[in-house]
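Hi there,

Here is the structure I promised to pass on. Please have a look at it first, and then read my notes below.

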Amino acid sequence: MASLTLKINSKNYTVNTDPKMPLLWAIRDIVGLTGTKYGCGIAQCGACTVHLEGTPVRSCSLPVSAAANKNITTIEGLSVDNSHPVQLAWIQEQVPQCGYCQSGQIMAATALLKRNANPTDKDIDAAMQGHICRCGTYPRIRKAIKTASQLMASTK
Amino acid sequence: MEIINKNISRRNFIKLGGLSGAALTLGFSTPAFGKESLTEIIKGDTAENLGIDLNAWISIDTSGKVTITNHRAEMGQGSFQSVPQIIAEELEVNLDQINIVFAQGNNKKYGSQITGGSSTIRGNYKKLLKLSATAREMLIEAAAKKWSVTKSECYAENGFVIHKASGKKLGYGELVQEASKLEPPIEVVLKNPKDYKVIRKSLARQDTPLKTNGTAIFGLDKKLPGMLYAVVERNPRFAGKVKSFDDSETKKIPGVKHVLKVNRDVFGNMQEGVAVVATNTWAAMQGRKVLKVEWDDTGFEHHNTDQLYAKMKEQLKGDVISYKTKGNFNAAFAKSDKKLEALYETPYESHSCMEPLNCVANVTADACEIWGPIQGPDWIQGSLAAHLKLPMEKVTVNMTFLGGGFGRKAFTDYPYEAAMISKEIKAPVQVIWTREDDMSMGPFRPGMVYQCKGGLDKNGAIAAFETKMAGQNMGTQNPGADKSGYNDSVTEGLLEPYFESIPHYSFGDSPLESPVPVMWWRSVYASTNGFALESFMDEMALEAGKDPLDFRRKHLGNPRYQELINKLEEVSGWKKRGKNEGYGVAITECFTSIVGEVVKVSKKPDGKLIIDKVWAVMDCGWYVNPNIISAQVEGSIVMALGAATKHATHFADGKAVEKNFNTYLMPRITDIGEIEVHVMDNEEKAGGVGEPGLPPFTPALTNAIFDLTGKRIRVLPFNLEEV
C-alpha cells in the first residue's frame, strides 16, 4: 500500500492504495469519478481512455503509481457543460446510442484534434481504430471529428 | 428535458413534490388479466382513492412541468427520446417541459417491461397518444370553464391553452388544479399525422448531453454507502459445480472481506462459483487471481464446436418438426425444371455489450433492492421474489442506463447472483463481471445450420421451397419444458408475401440438445435465418437467370413491398453499377418492419475486398424520429458485420474459447464506410426499429461478394480480407 497524489482535472486527491492498481479503478472506485469506463481490462477497447499530461492512455492498463503527481484529465474534466468543441460536435452529429464507450471515444478524439487540427480520414482511422463501439456509431464518430475540427477552426 | 436517473414511484413523486391535489396526473389502469381493450385512462387521485395501481403515467404540476415514466429500458435505442416526442405531440408541450423518470420493475402495473422484440414504440404508441390527448383536452376544458367559453373556441399550444378570439392564454400549470377536478373524456380525437409538429422530426436526443460529459449513470456507476465490490470465479463449464476451494492466499490481499461459494441460475441449472468480495474492484480481482478452486465437472457433456455442428448436420438428414407447410413440397420439387440445394452455417455469438454485466444488490432481512443495466425488470422482480421467498412488493428493481443490451440483459442470472451474495454477506454489493466473464459465460446466440432446397418452374419462378433449421431452441431451456413442439421462429425474417407467391413450401426445425445456454441476440433468429433465406433467394434468382432484385419483385406482389424495392433500386443506383463493382441485395422482415439493404463491394489495388457503401431502406410504418431510426439501422449493420466477418464463439472441452476482444475481434472504425438510410413514409402500423436493420446486411454483403467474385459464402464468419 502507498499514499499517492492524483491530480485529476486540476484537483488533487490523496489515495492510499496498492500502487499496482490500474489507474482506472483508482479513478472509479477510490476517487469516485465514474465517467471513465471499464470495457476489457487489456487495452483493447479504449473505453477507459484518459489524458496523462495531454496524451491519451488506457487507464485499465496503467498502474496508478505511474500516474501519481501527473496531470490527469478525464471526461469530467473536458467540460461539465458540454461546451468543448468535441462534445458539441458529438451532440450535433448525435453520435451516442448506449453511450458507454463514448467517454473514451471523446477523449481519443480530443487528443487527436489537439495534435492535428485538421485530420484526414486516414488520421482518424489511426487515432480511433483502437476504440470499440458495439452500437456501431463509427460513421458518426468520423463525421463528428470533422465537425469538431471545423468548430475549433471557426472559434480561433 | 431532464432525465431523472432515479427511480420514483408516482406516490413518492407526488409526496416529494408536495403536489397531491395540485397536479393533473393521468395513467392507465388495466384490470388484472384484462384485455388491452379494457385499459382505461384514469386520474391519479381516483386511482389513489380506489387503491388502483396506475400504469405508465404523466403528471403536470403547477409550474407546468410534465413528468412521465418510461417503463422500458434505455440501452441506446432511443426510447427516452421517442416516448417523450409522442407525448409532446398530443399534449402540445415543448420537449424541454418534460421530465422523464426510470420506472421500477412491476409487471402488474406495466405489463411486460422486457425491452425486447423492438416493442417499446410499436407496443405502446397508440396508448401514449391517447393518454396525452386526454390530458390536453382536460386542460382545454378547464380553461374554457374559467373563461366561460366553449371548448371549441380554445386550442392548446406550447404548454398553454389559448382562446382564439381574444388571444387570452393560460399556462398548463395554472390549469392543472381545475383540470384535475374534471373527468377524463371517453373519446379523444388524435391528430392527423400530416399535422405532426414533433413526431417525425429528427430532434436531438435528450440523453445525449449526459453521455458526452460522463454524467449518465450506467449500472457499473451505481454506488451505495458501504457498498462492497465482488467478482466471481465461476466454473468455466456451464453446468459445472465447485468441489472445494482454498482461499488462504485470497484472504491475504488487502481489502478482501469475504470469500464465499455462490451459484448462478441458468435456466434452472445451478452453475457454481466462488465470489471474492472486497472494498474495491481491483482488490476483488486480485483476490480471485490467487484463489484455488477444484471443480466438479461430472455428469454432463463436455462439448466442442465441431461436435455440435456435426450433430446439427446429422440431424438435418432425418425428420424435422414441421412448422408451416403449403401444397406438397416433395412432389413439386421433384417436378421442378431446375433444382438447387444449399447448406448454411452461422456461429454461436456473444452479446459483448460494451458495459459488461454488473448488478448492485442490497438484501436485508425482509426486502431486496437492486440496481443495474436491466432489460427485463419485471421478469427479474419475479425471479428474485421466488428465489428469496419474498413478496413481490418487497423486491424493488431499478433500471439504470444500459451500456448496450442486445438481449443479454433481459436474463435474470446476474441480479440473482448479486442478490445471493448481498444476502449472505449482509451488505450492499456490486457484482462486476470482467470482460472475460461476460464473454465466456453465455447465454449466447445459438449456432445454426440451415438446409435449403428450391425448385424453379420453366418461367424462373419459385415452384417449391423448403428450409430445415437445426440448432438450439431458446424457448425450451427451462427444466420440464415441452420439447416436442416446433420452433416457431423458423421463418422469422422471411417476407410475408412469399407465403402467398410460393405454391409449395415446407418449414421445420430439428432442435439441438446442448448444455450451452442460449438467449436472444439482436433480431434473434432473424439474425441467422436472414442469412440463409436471403442467400438462397439470391442463388435461386441467379439459377433462374434473373436479376436478384427483379426476382424478389416478382415474388413480392404486395404494394408495400413493391414500393420498398423501387426505393432501394432508386437510391442504390442498382441498375447503374460500374465495372468491377459488386452489388448485393437482401430484404427481410421482423418485428413487423421490413428492411432492404444493398451493399456495394470492390477490390482495392492490393486485391483486398472492401465494402464501399451500404444503402438501407427501412419500412417501419408509423414512426417517430427518423434520425434515431437511421442510427439504429447503422448500428445494426455494424453489429451484423462483426458477426459475419470478425467474431464467433467456439467451444472446446465444454468451455468457451474466446474471452476478450483480443480473440473475439470487433468491427472497428476502419471496417465500415458510408451507410445511407432511408425511411419509408406510410401510415402502416408502427413496427420495430432497434433490430430489423440487422438481418439483411450479411446476405446483402455475401450476395455482393458473389456478384463481384463468383465466390459463394455459406459459412459464417468469413475473413473479408481472404475473399
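A quick word on terms before the tour: helices (H or I, at least four residues) and strands (E, at least two) are runs in the DSSP assignment, numbered from the N terminus. Please also keep in mind that this is a predicted model.

Let me begin with chain A. If you walk along the sequence, the elements come in the pattern β-β-α-β-β-α-β-α-α-α-α-α. The radius of gyration of chain A is 15 Å, close to the 15 Å that the globule rule gives for 156 residues, so the chain is as compact as a globular protein of that length. Its C-alpha trace spans about 45 × 35 × 25 Å along the principal axes. Of the 156 residues in chain A, 60% are buried. Among contacts in this chain with a separation of 6 or more, 61% are between residues 24 or more positions apart.

Next, the domains. Chain A is assigned domain 1 (2-77) and domain 2 (85-154). Taken over C-alpha atoms, the centres of these two domains of chain A are 21 Å apart. Where they touch, 15 residues of domain 1 of chain A are in contact with 12 residues of domain 2 of chain A. On the domain 1 side, strand S3 (49-52) and strand S4 (55-58) of chain A each supply at least two residues. S3(A) gives the most to that side, with 3 residues. Sorted by class, the domain 1 side has 6 nonpolar, 8 polar and 1 charged residues.

Now to the partner chain. How many residues of chain B are in contact with chain A? There are 46 of them, and they meet 48 residues of chain A. On the side of chain B that touches chain A, the elements giving two or more residues are helix H7 (208-212), helix H8 (281-289), helix H18 (626-645) and strand S29 (674-679), each of chain B. The largest share of that side comes from H18(B), with 7 residues. By class, the chain B side has 22 nonpolar, 16 polar and 8 charged residues.

Conventions:
Residues numbered from 1 in each chain as written. Chains lettered and ligands numbered in written order. Predicted model: local features only at pLDDT ≥ 70, side-chain atom pairs only at ≥ 80, totals over all residues. Rg over C-alpha atoms; globule rule 2.2 N^0.38 Å. Buried ≥ 20, exposed ≤ 12 C-beta atoms within 10 Å, placed from the backbone. Contact = placed C-beta atoms within 7 Å. Nonpolar A, V, L, I, M, F, W, Y, C, P; charged D, E, K, R; others polar. Domains from an automatic or database assignment.
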